[in-house]
Every structure is written in C-alpha cells, then in structure tokens.
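Here is a short briefing for a first look at a structure. Please keep the sequence and the 3D view open while you read.

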Amino acid sequence: MTTPDHQNGHCGGEPDPWAVLRDATRARVALGRAGDGLPTSRELEFRAAHAAARDAVHTALDADRVRTALTEAGVGLDVLEVHSQAPDRTTYLQRPDLGRRLAPDTELPGGTYDLALVLADGLSPRAVHEHAAGTVAALLARLPGWSVAPLVLAHQARVALGDPVGEALGAGIVVVLVGERPGLSSADSLGLYLTHGPRPGRADSERNCISNVRPPHGLGYAQAADTLAGLLQASRQLGASGVVLKDEGTTLPPGAG
Amino acid sequence: MTVRRTTLGGHTHEFRSLTDVLAKATPARSGDVLAGVAAESQAQRVAAQHVLADVPLATFLTEPVVGYDEDDVTRLILDTHDPAAFAPVSALTVGEFRDWLLARAAERDEAAISGLARGLTPEMAAAVSKVMRNADLVAVARRTRVVTGLRSTLGLPGRLASRLQPNHPTDDAVGVTAAILDGLLHGSGDAVIGINPATDSPAQTIALLELVDAVISRYEIPTQSCVLAHVTTTLRALEAGAPVDLVFQSVAGTQAGNRGFGVTLDLLAEARAGALELGRGTVGANVTYFETGQGSALSADAHHGVDGPVDQQTLECRAYAVARHFDPLLVNTVVGFIGPEYLYDGKQVIRAGLEDHFCGKLLGLPMGVDVCYTNHTDVDGDDTDTLTLLLGAAGCSFVIAVPGSDDVMLHYQSLSFTDVLTARSVLDLRPAPEFEAWLAMMDLLDDAGHVRELTPEAPAARALLAAARS
C-alpha cells in the first residue's frame, strides 16, 4: 500500500499552518477541498480504509492458516471446527440469533476442563488470522496447571456461540476470541470474552471483555494475556463472571454480541 | 382483533390484526425478518398494502398496536390527540390520505399539510408511508414546514443546517477543538455543535459543555451546543450550573424501550424545565434534542404489541410522539448505525432514512438525519450521497457531519463537512440565516454565498486557528 497516512499527507517541505489542527487529533481534519468535495487523494485514502474494513468483514475464516499459525506459535492443543446455524456471510450478518447457535449436526467430545478457548470469526476473520495464535500462546503460558479443552475454531460465529461450545466440552470457563467489527483504521481487532459456567442463555452482563487486541497499534498479546489470566483466576475463585467481576471493560462493543 | 383479507391474483391473503397488516405492508428490511414479522413474499407484502390502504385513519384511534394500559407512549399518543387538527382528514382511509397529501404537496399547500401534525398519530404516519414510494416521501416532506429555534432558526425553506459532531476517543479538549474549527471553516455547525462524550460522567460532560460554550462565546457564533450524555447526567450538569443549551436523549417508541434507555417521560420533562429556566435562547425556546433509529426497540426486546411483535418502522414513528411532546429544537434518526441485522444495505438505509424524515416531519418534528453506516453494512459513499441529496430535496432540517466522514470515537461513517457543502451547492440550499450572517461576517462566504476555501493566511482562518493554539 503506497497510500500515505491521512495524518501526514500534507507534510514534508514547508511547515503547514493547518498542521496545528492535524496534530491535535486523529480525526480527518483539514483535508482540503476540490470545489465542494474532497481532493482525489483524500477521497481515495478514505476508500482504501473502507475497503480494508469491508474486506475484513467478508474474508472467509481460513482454518488451515489458523492451524499453521498455532503450530508456529507453539500451541500443541488439538483443534476442532464447528459452524453456527448461519450458513453464509449474508445470513450471518442479518441473523445474529443464528450465529449464536451451533449447527444441528455438531458433535463435540465432552470432558471436564477448567477452560475452553473458542476462536470465532465474528465480524473480522482477519483478526483471528493475525492475532488469535499469538494471544492463545501468550495466555497458555500464563496458565500452568489449568486443564484446557481442545481449541475450537468457529465459523459464522457470534460471542454467544461460546456458550453451547463450552457446555458441550464440559468447561468451567469459556473464552471466545472473536474478530471485532472493523473500524476505518482498525480492521484486525480481536476481542476476548470470558464467560464462567457457559451454557445457552447467558446474558452479556455475565461476560467480561478485553477489546482491541491488535499489536502494534492496539493491545499486545502479553498485555492482553496478563489481564485475561488475572480475570480467569478471579473468575474461578469467585465462581462467576460479568459485572460482578470488576475493573475490566465489561460492555460489548456494538455488533459484537 | 379484526382479521382482514384481500384477494390478489386469485390468492386470498389473510392478516390476523392491524399490527400484522402494518408489518407485512412494510417495504423489505432485515430487522422485520429478524423479528419474524416481515411479509413472506412480495405478493403478500403488496396484499397487505392493499388492505392497509383501505383502513380508515380513524381506526388507529381505537385499535392501538401497543396496549393503552401497559404502555405510557400509547397513552401519550391517544391522550394528546387533537381532533380539530385531525378533522380535515378524519374521514379518509390510509390510501385516500396518501392521495390527499400528494395533492396538497402539488398545490404547495404547506399550511394544510403542516396543520395536521397534532391530529395524526404515529401509526397513521407509519401506515401512509408504507403505501408511498420514495419520491412520494420526498414530495410531501418538502411541503411540510416545521420551524424551530434557539440561537439559530432551523427548518426554513431553502435551508439545510448541519450538526457539527467533533467527537474524540478520549474527549481531549484540543482534539475536540480542532474538529470544531475544521467544521466551522467548512460552514458546518448551524444546527448544533454536538459531542458524543467518550464517558458519561457529569464532570466530563460539564468540561465539554464549557469548552464548546467558550468557542461559541469567543466567536459569537449563533448556534447552540450539546453534549449527548444521558439525561440524568445532563440533569447533574444543570444542577452544577453548567451552560446547558440542549437536553439530549435517545428515545424509543415503547415504554419498555425507554426503560431500556433508562428514561421516563417525567425525567425528560424535568430536564427540559431545567434547560428552559436558563433562558439561553435568542430566537426561540426549543431546548431539547432527541435521537431515534429503526430497530432500537427490537434490540432491547421492547418491540412487543397487543398482538405480538410490531414492525420496526411503526415503532420508530411512535418514538416521534415522545419527542414531539417536549417541543424539540432537533430530532434525528441515526439511520445506518444499528447494523445489517436491522437495515441490511444501501437500499434499505435510503428507504428508512426517507421514511423516518417524512414521518417525523408529518408528525411535527424538526427532522434531521444522521446519514451514516458501519463497516459490516452493505453501504458506501454512493448510497449516502443518494440519501443526502434526496433529503436535501425533501427539505430536511439538518444532517450530521464529522471530519472526513470518519467518526474516530463511535467508529462509524457519517457525512463529511464537504458532503454538506455539496448538498447545499447542488440543491441551492443555504445555512440557517443567523449562521449564514455569521459566516459572512467572518469573511467565510464568497460573493455567491458559498463557503470559500480558505488559505491558512486568510483572516478568518487565522482567527479560528488561534483558538486551536490556545
């Protein structure tokens, strides 16, 4: 990509008096004009950002790519795959209810685990491709002694799909790593949602959320894993999750649920 | 519950209730599918429109879609209905009402259309919109006049105002100021300089109110400010003596929906009284601002009526009854923010924007639109251009604009300041008169009245940039 960052498009050469506005905010201020519209370069910058966000939403989750990344990150857990009841992206986007339920023929091996991890495409499969393996590896390194269920890769999945998955696996806690709704400048944000005692019907208020895992611009893997491991310990001790477990952001970003 | 039937193309379609007719007659949208109330076929949709066209308007006064006893919005609608204002159309059916509106619009009889407002219920407005095409919605809205004012006058013919939305992810004072100045330099901000705060705390709200008040005072800008905090936060700011121009609140079309927003009608009345008491207006005394949007009731599981779920557009219109009770300066639907599960693509967003604008105006609201989209909706700048120009033609009171279309706090795309310039230019629309005079005084207008592009050395630019440095 050769498109200059919109912050710096006018920089270089003479000092720019508009820079006082541009330096003050990440908002797209002082873009200049072509008549009553935007100059071509600014218009194309905006389109590039929107295209990246749109493509992030509509990219299919590539299971092989995630498996390879997990292996390279040193994660040795088995990897299972599940699908929600949303058969395709178009349905998924219009029917969040279907993205919260497992496809009827889903079979998961039951057991007894402290923790299950679900890697869910959500609204940005790209976030899972780029950041799930690093996050999982960093988290597992911080949880010695925890029994962890096989990893579950979930297609056309919303956060709440972790509830039936966690229940079927027999996990005390489920963490869903999900691609968040892409913003114009953040198409690859991963969100982490913790739910104690997963079962269908859990409310959003019973979850804890760590948002914007996206190094180097957002939260790094180590930092996210530190926070998540702390929440997991506290949740196990408390026997609950959600608003009762304070300190971390517990609100769901729009469209993520 | 009255069962209604019609035969279309040899097939008999039956609808179990008025609620069912309204839902099935609604142009296609994903939220009604999600709620399980949408028509199952195109033929069924048109059959429902046939049935709806034959329903007398007066029926909506006796067959509420949400129960009178259990819902205070229904009580508000029916208890404040004005029979005298209703009289000119009281004998008409929904279909005849559409014809009546189109005839008055063609005659440019603004008084006849605008005089109906307090005689119409939201369900009547919703019903007639469902049998109108996009151009019908534009044509009638264009001849519906709703004028409001506080320190600028909004809704006058030939005008298009804008809300300057200088949001910042951390409410940073310098960042917010930079966005305000960028907007002012583009001739935006005549409807309001309105900030969505990143955190809903009284202290933060007061800090932002004081910041915008200082900019408005320093440059003597004839506009008003608003920090779009929850009404309870604004009440705290009022108690603390903060410079509150407008009381803001998101509202929904059912009591349960408003409960989901944490508001009651009494709370809204209390806050409005507090803002009125400050007497901060110069050209008017409208001191409230409401936002709405199709799908908000469904997303709060607050979409249930006397006969199952109510369609999202009818519920949206009911939110307008809440808003109009408090004599607002501004009301806008946030048409593309809620996501593809309610409005899937550009076609649905454009249709919903025109419906909301038409219905709001018909019910007497100073209606604006946040023409916007999220990245998981199938909408782009071409769609927002189309809707914006249609709204400009429809006489929309105001639109929302952010720097470069990119709201860096709420993470969605609204219009840019240049989009407002384009709409004004293409459709020969001007800013609010007081604000236009201010732009002229600041030497921001060229001889033809267009907002000129300034060099940083221009006196107006230097004056405004000084604020960014201080």
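Which residues of chain B does the UniProt annotation "binding site" (unreviewed entry) cover? The record names Pro197(B), Gln249(B), Ser299(B) and Met409(B). UniProt positions follow the numbering used here, feature names are shortened, and annotations may be inferred rather than shown by experiment.

This is a predicted model, in which local features need pLDDT of at least 70, side-chain atom pairs count only at pLDDT 80 or more, and totals for chains, interfaces and linings use all residues. Residues are numbered from 1 along each chain as its sequence is written, while chains are lettered from A and ligands numbered from 1 in the order in which they are written.

- Pro197(B) sits in the loop between strand E6 (192–195) and H12 of chain B. Helices (H or I, at least four residues) and strands (E, at least two) are DSSP runs, numbered from the N terminus.
- Pro197(B) counts as buried because it has 21 C-beta neighbours inside 10 Å. The cut-offs are these: buried means 20 or more other C-beta atoms within 10 Å of a residue's own, exposed means 12 or fewer, and partly exposed lies in between, with C-beta atoms placed from the backbone.
- Gln249(B) belongs to strand E8 of chain B. Gln249(B) is buried, with 26 other C-beta atoms within 10 Å.
- Beyond its neighbours within four places in sequence, Gln249(B) contacts Val231(B), Val263(B), Leu268(B) and Phe290(B).

- Leu164(B) is part of strand E5 (residues 161–164) of chain B. Leu164(B) is buried, with 29 other C-beta atoms within 10 Å.
- Not counting residues up to four places away in sequence, the contacts of Leu164(B) include Ile180(B), Ser188(B), Ile193(B) and Ala401(B).
- Glu291(B) is part of strand E9 (residues 288–292) of chain B. Glu291(B) is buried too, with 23 other C-beta atoms within 10 Å.
- Leaving aside neighbours within four places in sequence, Glu291(B) touches Ser250(B), Asn332(B) and Val334(B).

**Helix H13 of chain B**

- Helix H13 (residues 231–239) of chain B has Val231(B), Thr233(B), Thr234(B), Ala237(B) and Leu238(B) buried.
- Seen down the axis of H13(B), these buried residues fall within an arc of 155°, so they line one face of the helix. The arc is that of the directions from the helix axis to the C-beta atoms.
- The cover over the buried residues of H13(B) includes helix H12 (202–219), strand E8 (247–250) and helix H15 (265–278) of chain B.
- Gly241(B) follows H13(B) and has a positive phi, near 80°.

**A hairpin in chain B**

- Strand E1 (residues 4–8) and strand E2 (residues 11–15) of chain B run antiparallel, joined by 5 bridges. Two strands pair if DSSP finds at least two bridges between them.
- Arg4(B) stands opposite Phe15(B) in E2(B).
- The hairpin of E1(B) and E2(B) has 2 residues between the strands, and Gly9(B) takes a positive phi near 55°.

**Chain A and its sheet**

- Chain A holds 8 helices and 6 strands. Of its 257 residues, 49% are buried.
- An open sheet of 6 strands in chain A has the order E1-E3-E2-E4-E5-E6, with mixed pairing.
- Its edge strands, E1 (79–83) and E6 (207–213) of chain A, each pair on one side only.

**Where the chains meet**

- In chain A, 32 residues are in contact with 36 residues of chain B.
- On the side of chain A that touches chain B, H2(A) gives the largest share, 5 residues.

Technical notes:
Contact = placed C-beta atoms within 7 Å.
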